[in-house]
Amino acid sequence: MRVIQVENQGGPEVLSLAERPAPQPGPGQIVAEVAAAGVNYMDIYQREGVGGYGRSLPFVTGGEGAGTVTAVGEGVTSPAVGDRVAWVGPGSYAEQVVLPAERVVPVPSAISTELAAAAILQGMTAHYLVTSTYPVRAGDVTVVHAAAGGVGLLLTQMVKRRDGIVVATASGGEGGEKHRLAREAGADYVAGYNQFRAVVDEVTGGAGAHVVYDGVGQATFDDSLAALRPRGMLVVYGAASGQVPPFDIQRLNSGGSLFATRPTLAHYIADVEELRWRAREVFDWMASGELHVRIGGRYPLTDAAQAQQDLAARRTTGKLLLVP
Ligand SMILES: NC(=O)c1ccc[n+]([C@@H]2O[C@H](COP(=O)([O-])OP(=O)(O)OC[C@H]3O[C@@H](n4cnc5c(N)ncnc54)[C@H](OP(=O)(O)O)[C@@H]3O)[C@@H](O)[C@H]2O)c1
């Protein structure tokens, strides 16, 4: 089978197409034929080896996908051969993957396999951010950075689902596509990265935001912290502009007894019940039409480097998929 592997840490040029033997399921495992694999910023961090994301080389990259079960190992009672499943798991830029049976989730009949691949990782990320990291309450003023991106569009919709107020950021200016998409996702206000603090001030009468969801990282960190009200929470969940450098924890004191956290999905789906709960809710909201998933680009597996380049160059909106 064909896979995309990372042979050395570096730029998109280190991604290469390789042939690997078709995987066989061990006890408790399944093999799935990949219908679509999601492209994520994490794939770029892993390729570059930054932010503690390095892995032993070479490795097959990709962290999520959806497809059809083609084989099950000893002791597996569910899922069965022929079932459609989605997963967050390594080695997904491939024609086939082997996964622990308990870590794949069923794709409901109302959802296409492709949409399941598009939603599983970023949907569960947005889910844990609004339900668990900072549980949004009605009327809370939230900042959602990069709101037209994969996570951003889902996060905006999920904050609105909980009746929060969204001050979104996106590049491209008021008339641009990214601002339009953020507004369509439900953002109450959309601003550029240099304007969002003024909007938060205006909306809150100078009090500040309850929470800032920041996947941009280095470029927005200072303004994100400054946009919070006393006891507000900064959630740095990514680093699209670069990793946040070390900072003086006293800034949380002088900023108003602030909270800062750097969460990651793995710790919010470590438990199988939690994984299933988050996946089920995301898929239920999609099936009921409450959550819209935008597929912003589809690439053949062989164009994985191009997909990653487009993502890093801010040329994309919504979710990018690789189709083997
Ligand atoms: N912690 C977790 O559990 C978890 C899970 C999934 C994803 N994430 C994080 O979520 C963030 C978004 O991921 P995604 O895959 O959905 O990507 P994305 O938001 O679709 O793409 C990144 C966006 O960030 C914005 N951006 C701002 N400054 C940038 C810069 N200097 N370089 C590149 N982009 C910049 C761009 O939007 P504008 O052009 O509008 O500025 C760009 O489109 C990433 O930081 C990722 O690591 C975290």
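The side chain of D140 reaches the backbone nitrogen of R137 at 2.9 Å in this predicted model. D140 is found in the loop between helix 2 and strand 9, and it counts as buried because its relative accessibility is 3%, under the 20% cut-off. Helix 2, on one side of that loop, gives the most residues to the shell around the ligand.

**Ligand site**

- The ligand has 30 residues around it, of which Y45, S171, K178, Y193 and G215 come nearest.
- By class, the residues of this shell divide into 16 nonpolar, eleven polar and three charged.
- The side chain of K178 places an N or O atom 2.7 Å from an oxygen atom of the ligand.
- Backbone atoms take part as well: a backbone N or O atom of L265 lies 2.7 Å from an oxygen atom of the ligand, and a polar backbone atom of V151 is 2.9 Å from an oxygen atom of the ligand.
- Taken alone, the ligand exposes 900 Å², and the protein buries 92% of that area.
- Four helices each supply at least two residues of the shell: helix 1 (41-48), helix 2 (113-133), helix 3 (150-161) and helix 10 (304-312).

**Helix 2**

- Which helix gives the most to the shell around the ligand? Helix 2 does, with four residues.
- Helix 2 has 21 residues and reaches 28 Å from its first C-alpha to its last; this is close to the 30 Å expected at 1.5 Å a residue.
- A kink of about 45° is present in helix 2, and it is centred on I120.
- Is helix 2 mostly covered or mostly uncovered? Helix 2 is mostly covered, with 18 of its 21 residues buried.
- In general, residues three or four places apart in an α-helix point the same way, because there are 3.6 residues a turn.

**Cis peptide bonds**

- Most peptide bonds are trans, and most residues other than glycine have a negative phi.
- The peptide bond from L57 to P58 is cis, with omega near -10°.
- P58 lies in the loop between helix 1 and strand 4 (59-60).
- A cis peptide bond also joins S78 to P79, with omega near 0°.
- P79 is found in the loop between strand 5 (64-72) and strand 6 (84-88).

**Positive phi values**

- A146, a residue other than glycine, has a positive phi near 50°.
- The position of A146 is in the loop between strand 9 (141-144) and helix 3.
- A146 is partly exposed because its relative accessible area is 30%, which falls between the 20% and 50% limits.
- R231 is likewise not a glycine, and its phi is positive at about 70°.
- R231 belongs to strand 13, residues 228-236.
- Why does R231 count as exposed? R231 does so because its relative accessibility is 67%, over the 50% limit.

**Selected positions and distances**

- V60 is found in strand 4 and counts as buried, because its relative accessibility is 13%.
- V60 and G232 are 172 residues apart along the chain, and their C-alpha atoms are separated by 39 Å.
- V72 is found in strand 5 and is partly exposed, with a relative accessible area of 32%.
- The C-alpha atoms of V72 and A101 are separated by 8.0 Å, the two residues being 29 apart along the chain.
- A187 has its place in the loop between helix 4 (177-184) and strand 11 (189-191).
- Is A187 buried or exposed? A187 counts as buried because its relative accessibility is 8%, under the 20% limit.
- From C-alpha to C-alpha, A187 and A305 are 32 Å apart in space, at a sequence separation of 118 residues.

Methods. Residues are numbered from 1 along each chain as its sequence is written. This is a predicted model: local features need pLDDT of at least 70, side-chain atom pairs count only at pLDDT 80 or more; totals for chains, interfaces and linings use all residues. Side-chain values use heavy atoms; hydrogens and water are left out. A residue is near a molecule or strand if one of its heavy atoms lies within 4 Å of it. A polar contact is a pair of N or O atoms within 3.5 Å; within protein, one must be able to donate a hydrogen and the other to accept it, and residues adjacent in sequence count only if both atoms are side-chain atoms. Accessible areas come from the Shrake-Rupley method with a 1.4 Å probe; for residues, only the protein chains shown count as cover. Ala, Val, Leu, Ile, Met, Phe, Trp, Tyr, Cys and Pro count as nonpolar, Asp, Glu, Lys and Arg as charged, and the others, Gly among them, as polar. The expected span of a helix is 1.5 Å times one less than its number of residues. The bend at a residue is the angle between axes fitted to the seven residues ending there and the seven starting there. Buried means under 20% relative accessible area, exposed over 50%, partly exposed in between (1.4 Å probe, protein chains only).
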